[in-house]
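Hello,

Here is the structure I promised to pass on. Please open it first, then read my notes below.

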Amino acid sequence: MLEGETRLGLGTYTLTDADGVETIKAAIEHGYRHIDTARLYGNEAEVGEAIAAADVDRDDLFVATKVAHFEEPEKTTEYVERAIDESFEKLGLDRIDLLYHHWPRGQDDIETVLPVLADRVNDGRVDNLGVSNYTVDDLELADELIDRPIDALQVEMHPLLQQDDLRAFLAGTDTDLVAYSPLAQGEVFDVDVISDIAAKHSVSEPVVSLAWLLSKEGVTAIPRTSSVDHLRDNFGALEVELDAEDVDRIDAIERTHRCEDPDWMTW
């Protein structure tokens, strides 16, 4: 299980340049403590700048980033090592709380990348090991490859993509699930059940979606927004307690919508 993180974090995809720094800084100062970025996002430097500028102690933050392997034609362990070092440099940190393998391009990719990341955790500068968009088969391979557990699996999850099979597989393990696109990129506004529950609690549909995710054991949500008002609204999910009927109604939603295709860059 992840140590030292809060279950509602900030996704930072597309949060770049000065505006991105200000948004991330505002989120930290509003109370967000889990900050999620990636080498692929091109904003690790902005995340590091926001962390340095915010009036919050570094030890109170949980910083996650991701390393992909498909960014270079020659897929080598040396590239992975260099990419990790560059992430430390851009973030300006001497410790990363959670390091993910981002977007595996097949099991050969996993066999190359994951042991390198596991070594970094064993060396002590990285606290937790994560994987992104791994299938059950991929997780089983990971168990064969390395001698430590996976601390976090990051996948798309929201009321329209409930990840029942993955959650069942992870039940009873020490692997947390981190939900990206937890608002289904705005699709939650168009679900009558969610709107009804939002009206019942006098909150927004995004807050209901996030509160539903937080009702699931071992699930962390990382919504992304560039709006400070939305940052504040989303954070209110920590104060909303859905009752059993609310959760059951959302669990029963049959509509299925995937915002991201995990195979979109497979080659």
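What share of the 267 residues of the protein chain counts as buried? The figure is 55%. Here, buried means under 20% relative accessible area. Keep in mind that this is a predicted model.

Start with the overall shape. The C-alpha trace spans about 55 × 40 × 30 Å along its principal axes. The radius of gyration of the protein chain is 18 Å. That agrees with a compact globule, because a globule with 267 residues would have a value near 18 Å.

Next, the fold. The chain has 10 helices and 8 strands. Now take the contacts between residues at least 6 apart in sequence. Of these, 76% join residues at least 24 apart.

Strand β4 covers residues 96-101, and strand β5 covers residues 126-132. They run parallel, and 5 bridges join them. Look for Ile96, which stands opposite Val126 in β5. Is strand β5 mostly covered or mostly open? Mostly covered: 6 of its 7 residues are buried.

Last, the surface and the charges. The accessible surface of the protein chain comes to about 11800 Å². Carbon and sulfur atoms account for 44% of that area. The chain carries 22 positive and 61 negative side chains. How far apart do the centres of the two sets lie? They lie 3 Å apart.

Best wishes

Conventions
Residues numbered from 1 in each chain as written. Predicted model: local features only at pLDDT ≥ 70, side-chain atom pairs only at ≥ 80, totals over all residues. Heavy atoms only, no water. Helix = DSSP H or I, 4+ residues; strand = E, 2+ residues; numbered from the N terminus. Rg over C-alpha atoms; globule rule 2.2 N^0.38 Å. Buried < 20%, exposed > 50% of the residue type's maximum accessible area, 1.4 Å probe, protein only. Contact = heavy atoms within 4.5 Å. Areas by Shrake-Rupley, 256 points an atom, 1.4 Å probe, with all protein chains shown as cover. Lys, Arg positive; Asp, Glu negative; His and termini not counted. Charge placed at Lys NZ, Arg CZ, Asp CG, Glu CD. Pairing = 2+ DSSP bridges.
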